Amino acid sequence: MQGYGCYLVENLLLKEFAPDGILRDVLRKLGGFLEPRKVAHVIVDVASEKQAEDIVMIDIGEISSLANYFVILSGGTSGQIRALRDEMVKNLKQEGVLLTRSEGLPASGWVIVDFGAVVTH
């Protein structure tokens, strides 16, 4: 999945439609594209600012077709988990990256937040 990014256009595989990166460049100029590594770093920064624990960012791009990065972190309370999820979504939305899917409830103690090329647990 190397070369793919997080994008505003839902379910669009940039590499498939723009092997030369033309569409990627257009989306970047419009503010709707961030490299997966940058998305993962935004998530790590939010987690650190919100005092999450055990933050780990794993590059899985070479071994997975589902995502490029997996970010794992721990929140102490359901309120902190909710705040972490909401702040990730807010910060990445400001960068033009939309949430693909979220599963789980903060009250249950776990949430998966999927931004396409980057998945957070």
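Analyst: A residue counts as buried when its relative accessible area is under 20%, as exposed when that area is over 50%, and as partly exposed in between. By this cut-off, 38% of the 121 residues of the chain are buried. The model is a predicted one.

User: What makes up the chain, and in what order do the elements run?

Analyst: The chain has four helices and seven strands. Starting at the N terminus, the order is β-α-α-β-α-β-β-α-β-β-β.

User: Why is Gln-51 called exposed?

Analyst: Gln-51 has a relative accessibility of 64%. The cut-off for exposed is over 50%, so Gln-51 is exposed. Gln-51 sits in the loop that links α3 (36-49) to β3 (53-59).

User: Where is Asp-54, and how do you know whether to call Asp-54 buried or exposed?

Analyst: Asp-54 belongs to strand β3. Its relative accessible area is 58%, and exposed requires over 50%, so Asp-54 is exposed. Asp-54 also has a positive phi, near 55 degrees, and is a residue other than glycine.

User: What makes Asp-59 partly exposed?

Analyst: Asp-59 is in strand β3. Its relative accessibility is 48%; buried needs under 20% and exposed needs over 50%, so Asp-59 falls in between and counts as partly exposed. The C-alpha atoms of Asp-59 and Arg-37 lie 8.4 Å apart, with the two residues 22 apart in sequence.

User: Why does Gly-116 count as partly exposed?

Analyst: The value for Gly-116 is 23% relative accessibility. Buried would need under 20% and exposed over 50%, so Gly-116 is partly exposed. Gly-116 is located in the loop between β6 and β7. From the C-alpha of Gly-116 to that of Val-97, 19 residues away along the chain, the separation is 9.2 Å.

User: How do you know that β3 and β4 pair?

Analyst: Two strands pair if there are at least two bridges between them. Five bridges connect β3 and β4, so the two strands pair, in the antiparallel sense.

User: What makes β4 and β7 a pair, and in which sense do they run?

Analyst: β4 and strand β7 (residues 118-120) are joined by three bridges and run parallel. At least two bridges are required, so this is a pair. Phe-70 has Val-119 in β7 as its bridge partner.

User: What makes a set of residues a nonpolar core, and which residues have the most contacts inside the largest one?

Analyst: Such a core consists of buried nonpolar residues joined through side-chain atoms within 4.5 Å. The largest has 20 residues, and Val-39, Ile-43, Leu-73, Met-88, Leu-92, Phe-115 and Val-118 have the most contacts inside it. At least two residues of this core come from each of α3, β4 (69-74) and α4 (78-94). The greatest contribution is that of α3, six residues. In soluble globular proteins, nonpolar side chains tend to be buried together.

User: Which residues line the second largest pocket?

Analyst: The lining has 13 residues, and Leu-73, Ile-81, Trp-110, Val-111 and His-121 lie nearest the centre of the pocket. By type, seven are nonpolar, five polar and one charged. α4 supplies the largest share, four residues. The volume of this pocket is about 170 Å³.

Technical notes:
Residues numbered from 1 in each chain as written. Predicted model: local features only at pLDDT ≥ 70, side-chain atom pairs only at ≥ 80, totals over all residues. Heavy atoms only, no water. Buried < 20%, exposed > 50% of the residue type's maximum accessible area, 1.4 Å probe, protein only. 1 Å grid on protein atoms, 1.4 Å probe; cavity = no way out; pocket = protein on both sides within 12 Å on 5 of 7 lines; lining within 4 Å. Points joined across faces, edges and corners; volume = space filled by probe spheres on them. Nonpolar A, V, L, I, M, F, W, Y, C, P; charged D, E, K, R; others polar.
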